[in-house]
Amino acid sequence: MKKNGHPEFIGSDFKAPDEALFQIIPVPFEKSVCYGKGTAGGPEAIINASLQLELFDGKTIPAEYGINTLPPLDCDVSPEKTLENISSAFRDIIGMGKIPVMLGGEHTVTCGAIAALKEKYHEIGIVHFDAHADLKDKYYDNPMSHACVMRRVFDMGAQIFQVGVRSLTLEEENFRKENRIAHIDAEEAALKPLPYRILSECFPKDIYISFDVDALDPSLVPATGTPEPGGLLWYQTMNILESIVKNRNVIGMDFVELAPIKGMHSPDFAIARLIYNTFGIITRSMY
Ligand SMILES: [Mn+2]
């Protein structure tokens with residue numbers, strides 16, 4: 001459905017745009033991607049696929065809380081300007097008391113989100129779903145590469161919890177140890193039962209979910225720059241999301257690095273469904 005001349009996620013009309021709990025920001029940003037390309041097409045593919053979703057997610061109708069889709073952010077400016085524009089969009093939405101949901105684009109966009117959230121929230125916990133640790137200080141001499149995004153977020157003073165990692169350097173592994181970055185890596189998630197509580201008591205109450213779609217197994221989502229075997233499966237991911245959202249306040253989210261493959265709709269649809277199911281999990285935890 002197009003209300004404002006651009007396609008909208010699910011396209012439901014339960015709430016006026018300003019009243020919608022979920023505020024979607026499409027950010028077709030692609031600058032440092034190195035291997036497979038095409039993440040700039042991610043937001044549009046997710047939104048198009050979302051039009052095929054049922055409003056009832058099997059338990060409730062998350063869309064009743066309102067989903068508003070903003071026009072895509074103009075990324076034809078410098079990366080610095082793009083990050084500033086992301087920060088300003090996040091500032092507006094958290095000022096309204098709503099939840100910003102950014103659709104990437106490459107993972108670098110998370111830096112703009114966290115910069116804005118840090119102004120309002122003293123302590124933020126980032127729950128980072130990814131096949132990669134993204135903790136490199138620099139990648140090909142670029143500190144703002146998508147492979148460095150969690151390192152930059154760490155530098156901003158956020159606590160990080162990683163889920164689904166299965167590709168990292170020895171330096172990144174050492175960095176996680178030295179800085180006590182907790183995690184459930186993909187192998188552990190596959191081979192061991194999930195702990196009753198995934199996030200420890202001392203992890204911040206206010207959490208931001210940063211979801212690189214390559215955390216999921218390539219059998220679900222081959223449409224990403226660097227698909228790694230052995231990723232998270234569907235119901236496992238839902239269980240993990242349920243567990244982390246419980247007793248936490250989700251202050252923002254992003255879903256990044258989808259690089260649509262022409263003629264293959266299933267990855268786009270999987271991510272649209274992932275996002276909508278996450279809305280369901282969040283709204284049901286608010287009762
Ligand atoms: Mn990744």
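**Entry 1. Glu172**

I began with Glu172, which is buried at a relative accessible area of 2%. I note at the outset that the model is a predicted one. I placed Glu172 in helix α5, residues 170-178. I then asked which backbone nitrogens the side chain of Glu172 reaches. One is that of Leu135, at 2.8 Å. Another is that of Asp134, at 3.4 Å. Leaving aside residues up to four places away in sequence, I listed Ala133, Asp134, Leu135, Lys136 and Ala147 as the residues that Glu172 touches.

**Entry 2. The manganese ion**

I looked up the protein donors of the manganese ion and found Asp130 (OD), His132 (ND1), Asp212 (OD) and Asp214 (OD), at 2.2 to 2.3 Å from the ion. Along the sequence I recorded their spacing as D-x1-H-x79-D-x1-D. Asp130 and Asp212 bring together distant parts of the chain, being 82 residues apart. I located Asp130 in the loop between β4 and α4 (149-155), and Asp212 in strand β7. Both Asp130 and Asp212 are buried.

**Entry 3. Aromatic pairs**

How many aromatic pairs are there? I recorded eight. In one of them, Phe129 and Phe211 are stacked, with 4.4 Å between centres and 15° between planes. This pair also links distant parts of the chain: Phe129 belongs to strand β4 (residues 125-129) and Phe211 to strand β7 (residues 206-212), 82 residues apart.

I then turned to the rings of Tyr139 and Tyr140, whose centres are 4.9 Å apart. Tyr139 is partly exposed, at a relative accessible area of 25%. Tyr140 has a relative accessibility of 72% and is therefore exposed, since the cut-off for that class is over 50%.

I also noted one aromatic cluster formed by Phe9, Phe22 and Phe279. At another ring, that of Phe175, I found the charged end of Arg151 sitting over it, 4.0 Å from the ring centre.

**Entry 4. Helix α1**

I asked why helix α1 (residues 42-50) can be called largely enclosed by the rest of the structure. The reason is that seven of its nine residues are buried. I listed these buried residues as Gly42, Pro43, Ala45, Ile46, Ile47, Ala49 and Ser50. Their cover includes the strands β1 (22-27), β2 (67-69) and β3 (99-104), together with helix α8 (266-285).

**Entry 5. Backbone geometry**

I kept one general point in mind: most residues other than glycine have a negative phi, and most peptide bonds are trans. Against this I recorded a cis peptide bond from Gly104 to Gly105, with omega near 10°. I placed Gly105 in the loop between β3 and α3 (110-120).

Which value does phi take in Tyr140? I noted a positive one, near 45°. Tyr140 lies in the loop between β4 and α4. Asn247 also has a positive phi, near 60°. I found Asn247 in the loop between α7 (234-245) and β8 (249-256).

Notes
Residues numbered from 1 in each chain as written. Predicted model: local features only at pLDDT ≥ 70, side-chain atom pairs only at ≥ 80, totals over all residues. Heavy atoms only, no water. Phe/Tyr/Trp six-rings, centres within 6.5 Å; stacked < 30°, edge-to-face > 60°. Helix = DSSP H or I, 4+ residues; strand = E, 2+ residues; numbered from the N terminus. Buried < 20%, exposed > 50% of the residue type's maximum accessible area, 1.4 Å probe, protein only. Lys NZ or Arg CZ within 6 Å of the ring centre and 35° of its normal. Polar contact = N/O pair within 3.5 Å; in protein donor to acceptor, adjacent residues only side chain to side chain. Contact = heavy atoms within 4.5 Å. Donors = N, O, S within 2.8 Å, 3.2 Å for Na, K, Ca; no water.
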